[in-house]
Amino acid sequence: MPSRLQQTLDEGSFAVSAEIAPPKGFDFSHPLEVAKRLWGHVDALNVTDFQSASVKASSLALCIDLIQNGIQPVLQMTGRDRNRIAIQGELLSAAHFGIQNILALTGDHPKTGDNPQAKPVFELDAIGILQTAETLIEGKDLGGNELLGQSPEFFLGAVVSPVFDPIEVQLIQMRKKIRCGARFFQTQGIFSLDVARRFKEQTEGYNTKILYGIIPLRSPGMARFMNRKIPGIEVPNDLIETLEKSENKEQDGIKIAAELISKLKEEKLCDGVHIMAIGAEGNVEKILKEAGLWT
Amino acid sequence: MCATGGQEAVDELKAELKENGYDVLDATVLTTSCNDLLTKKELKPLKEAVEDSDLIVSLACGNGVQTLAKLTGKRVVPSNNTLFVGERIRGGVFEETCRTCGACVLGRTAAICPVSRCSKGLLNGPCGGSIDGYCEVDPELKCAWIEIYNRLKEDDRLDLLEEVEPIRSYINVSHPRKLNRRGR
Ligand code: SF4
Ligand code: SF4
């Protein structure tokens, strides 16, 4: 049976996924608690893979915990730390546990993380991981060897940055990812309807589903920091000013995010949203309630 | 060109070693030390010094150090750290341009090498990490893939970037490599 995320997208309903991160440690109770509260209101919990190139418990481990609690995850898989043998092995392991949603990413460089001494792998990039997953779906491994038993069923996704100069580069990469099996895309966080409208036009006719990334802002400082440091992020100045004047910045950040989601849905600018609360996962519930999506 | 060897550098090292109380038996510049036969020949007149030595310091690249160790049977140490195959940008400034990866892609990347000049060595186009044309890993490094894109665009060859690269096989490019052009 297709995953819930796939079903929602296939039937043309508005999909919601939320991002959670495995801890730096081995107590999973916090992300698990967050996931349990959200499941039923979201279509998937998206589990990061050594987010920010930093040492944490693995994405697969938390995904297994989730699925054993009846919660469907999206397994994020980067090419930074694994060669093709490890990637294929993890994908097969995911299939064993019934994990279907896979998000292929190239991954941040170890130098940007908390173990910068690490040897970068990058044998496969996001496109290579998609090619690999497709090969497994066809019942073979990359070495051309047959898999035993059933072939895995995956619902493959990838990422794209709608704010990128030159955008043509992102569109070319996106088209390649679609050709290699990406059936849904999560975007980098967006903060304005104009970006969404423009990107919808730019990707007109692309045979895939797009979930816009939503990052609730908690302070003007966070917005300015992301503008400076995070590739593909562009928080408009008027939003930063609104937050500066705000008496309750976190609450207003939630409101801004919820409004954006409502308008994206109303104007049918995308197939869903992917909420990245980055360390404040409790806010996802508030955003969905505010946006009228806590159903 | 990099001033890591040559007569001047050898003389300098000799003087420094002497100053530090070492007995320097000889200080010679070989034509090249990665050619086995030639090196063997050029070592002949130095036979005595080599035999009497406890240690040979080589100012060659990592390759030359190994050739010397093999041919002399002596303990040979490098005086240099072999950094990269590069290009002299201007006096004293060098950049890595080829990692001798064994599966050259320059033909489809507008003669800009992504293996050595993209921080992740990506083969299939850029990651999403470049900011204003610079790499996420090093804000002073131009994103190789954005440069490739710009050049391909200029040449009206963006179709090359649109192609999905088959996953690279490392069977024939893993290390150590050998080349035998004699056919046996
Ligand atoms: S692709 Fe780059 S590293 Fe490989 S041989 Fe060509 S120039 Fe050298
Ligand atoms: S930003 Fe450009 S150079 Fe840096 S890792 Fe990504 S593609 Fe490579």
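Biologist: Where in chain B does B:Pro126 lie?

Modeller: B:Pro126 lies in the loop between α5 (114–117) and α6 (144–154) of chain B; helices (H or I, at least four residues) and strands (E, at least two) are DSSP runs numbered from the N terminus. This is a predicted model, in which local features need pLDDT of at least 70, side-chain atom pairs count only at pLDDT 80 or more, and totals for chains, interfaces and linings use all residues. Residues are numbered from 1 along each chain as its sequence is written, chains are lettered from A and ligands numbered from 1 in the order in which they are written, and side-chain values use heavy atoms, without hydrogens and water.

Biologist: What decides whether B:Pro126 is called buried or exposed?

Modeller: Buried means under 20% relative accessible area, exposed over 50%, and partly exposed in between (1.4 Å probe, protein chains only). B:Pro126 has 7%, so it is buried.

Biologist: Which residues does B:Pro126 touch?

Modeller: Contact means heavy atoms within 4.5 Å. Not counting residues up to four places away in sequence, B:Pro126 touches A:Val169, A:Gln173 and B:Trp145. B:Trp145 is 19 residues from B:Pro126 in sequence, with 5.1 Å from C-alpha to C-alpha.

Biologist: Why is A:Ile278 called neither buried nor exposed?

Modeller: The relative accessible area of A:Ile278 is 41%, therefore it counts as partly exposed. A:Ile278 lies in the loop between β8 (272–275) and α11 (282–290) of chain A.

Biologist: What is the phi of A:Ile278?

Modeller: Phi of A:Ile278 is near 35°, a positive value in a residue other than glycine. Most residues other than glycine have a negative phi, and most peptide bonds are trans. A:Phe50 also has a positive phi, near 45°.

Biologist: How do you know which kind of peptide bond joins A:Asp165 and A:Pro166?

Modeller: Omega is about 0° there, and the bond is cis. The peptide bond from B:His175 to B:Pro176 is cis as well, with omega near -5°.

Biologist: What makes a set of residues a nonpolar core, and how many residues has the largest?

Modeller: The members must be buried Ala, Val, Leu, Ile, Met, Phe, Trp, Tyr or Cys, joined through side-chain atoms within 4.5 Å. The largest such core has 90 residues, and A:Ile261 is one of those with the most contacts inside it.

Biologist: How does the radius of gyration of chain B stand against a compact globule?

Modeller: The radius is taken over C-alpha atoms, and the globule rule is 2.2 Å times the number of residues to the power 0.38. For 184 residues a compact globule would come near 16 Å, but chain B has 22 Å.
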